[in-house]
Amino acid sequence: MAGGWAMTPILICSAVALAIVLERCWTLRRNSVLPRGLSQEVREWARSDQLDPVHLEKLSTGSPLGELLAATLAVRTRPRELIKERIEDTGRHVVHRMERYLNTLGTIALIGPLLGLFGTVIGLIRMFMQVMVGGMADPTKMAGGIGEALICTAAGLTVAIPAYVLHRYFRSKVEGYCVEMEKQATLLLDDLTFSALVATSRPRHAAVAGDKTSA
């Protein structure tokens, strides 16, 4: 109340920032993004050919890593380059969802001090207008008015600093998840490539054995 009406947008920004932080903390839990043992389990599915639409659908909706691995398995019969393209395309969508609301949090970190400065300037203008009308009969009131005007700046910084720190924290967390998911997708891609090479080499060996038998 001491900061005046300019405190309203700052308080709104603080509420939005708090909601984003709580939502991202829950969504970006490691077990939620990279379930323990999921990659190894999926590779065992691929090796034993235990893949069906039900498995892939459940895998895709379970976690971001599962979605990436399911997209890889959906095109497992195609050449390696095409599978890599699918991994990259799906990865961009997954990263976009993991970075959801982070731009908003960064914007709040940017405009928080500006809103505080705006409120301070408005308060100082109002105070000097009162001085022009009534004079400086009481310097104490002028000092009090300056203090009240600076409340907006302090409030804006109080909102902006944690928002900026948490924005950078979530960004780095998403980047770490991306590196780990890329690693797991590459391991699965290598397994699929190896399985495809083994499958194509078997008919050749069978054909050679048949030719020797007939000879």
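This is a short talk on how one predicted protein model is put together.

Hi everyone, thanks for coming. Please keep in mind as we go that this is a predicted model.

Let's begin with the whole chain. What does it contain in the way of helices and strands? The count is 8 helices and 0 strands. If you walk along the sequence, you read α-α-α-α-α-α-α-α. The chain has 215 residues, and 33% of them are buried. Its accessible surface is about 13500 Å², and carbon and sulfur atoms make up 63% of that.

Now for contacts along the chain.

You'll find Val174 in helix α8, which covers residues 139-214. Is Val174 buried or exposed? With a relative accessibility of 1%, Val174 falls under the 20% cut-off, so we call this residue buried. Which residues does Val174 touch, if we leave out those up to four places away in sequence? The answer is Leu28, Val95, Met98, Glu99 and Leu102.

Next, please turn the model to helices α4 and α5. Helix α4 runs over residues 53-62 and helix α5 over residues 64-74. The two pack at an angle of about 150 degrees, and their axes are 6 Å apart. The crossing of this pair is left-handed. Who meets whom there? On the α4 side we have Leu56, Leu59 and Ser60. Facing them from α5 are Gly66, Glu67, Leu69, Ala70, Leu73 and Ala74. Sorted by type, the residues of this contact come out as 6 nonpolar, 2 polar and 1 charged.

How many disulfides does a search of the whole structure find? It finds 0. Let me also show you two cysteines, Cys13 and Cys152. Cys13 has 13% relative accessibility, and therefore counts as buried. Cys152 is at 0%, so Cys152 counts as buried too.

To wrap up, we have looked at a predicted model with 8 helices and 0 strands, a left-handed crossing of α4 and α5, and a buried Val174 that touches Leu28, among others.

Methods. Residues are numbered from 1 along each chain as its sequence is written. This is a predicted model: local features need pLDDT of at least 70, side-chain atom pairs count only at pLDDT 80 or more; totals for chains, interfaces and linings use all residues. Side-chain values use heavy atoms; hydrogens and water are left out. Axes are lines fitted to C-alpha atoms, for helices over the stretch in contact, and angles run from 0 to 180 degrees between N-to-C directions. Helices (H or I, at least four residues) and strands (E, at least two) are DSSP runs, numbered from the N terminus. A crossing is left-handed if the near helix is turned anticlockwise from the far one by less than a right angle, and right-handed if clockwise. Contact means heavy atoms within 4.5 Å. Ala, Val, Leu, Ile, Met, Phe, Trp, Tyr, Cys and Pro count as nonpolar, Asp, Glu, Lys and Arg as charged, and the others, Gly among them, as polar. Buried means under 20% relative accessible area, exposed over 50%, partly exposed in between (1.4 Å probe, protein chains only). Accessible areas come from the Shrake-Rupley method with a 1.4 Å probe; for residues, only the protein chains shown count as cover. A disulfide is a pair of cysteine sulfur atoms within 2.5 Å.
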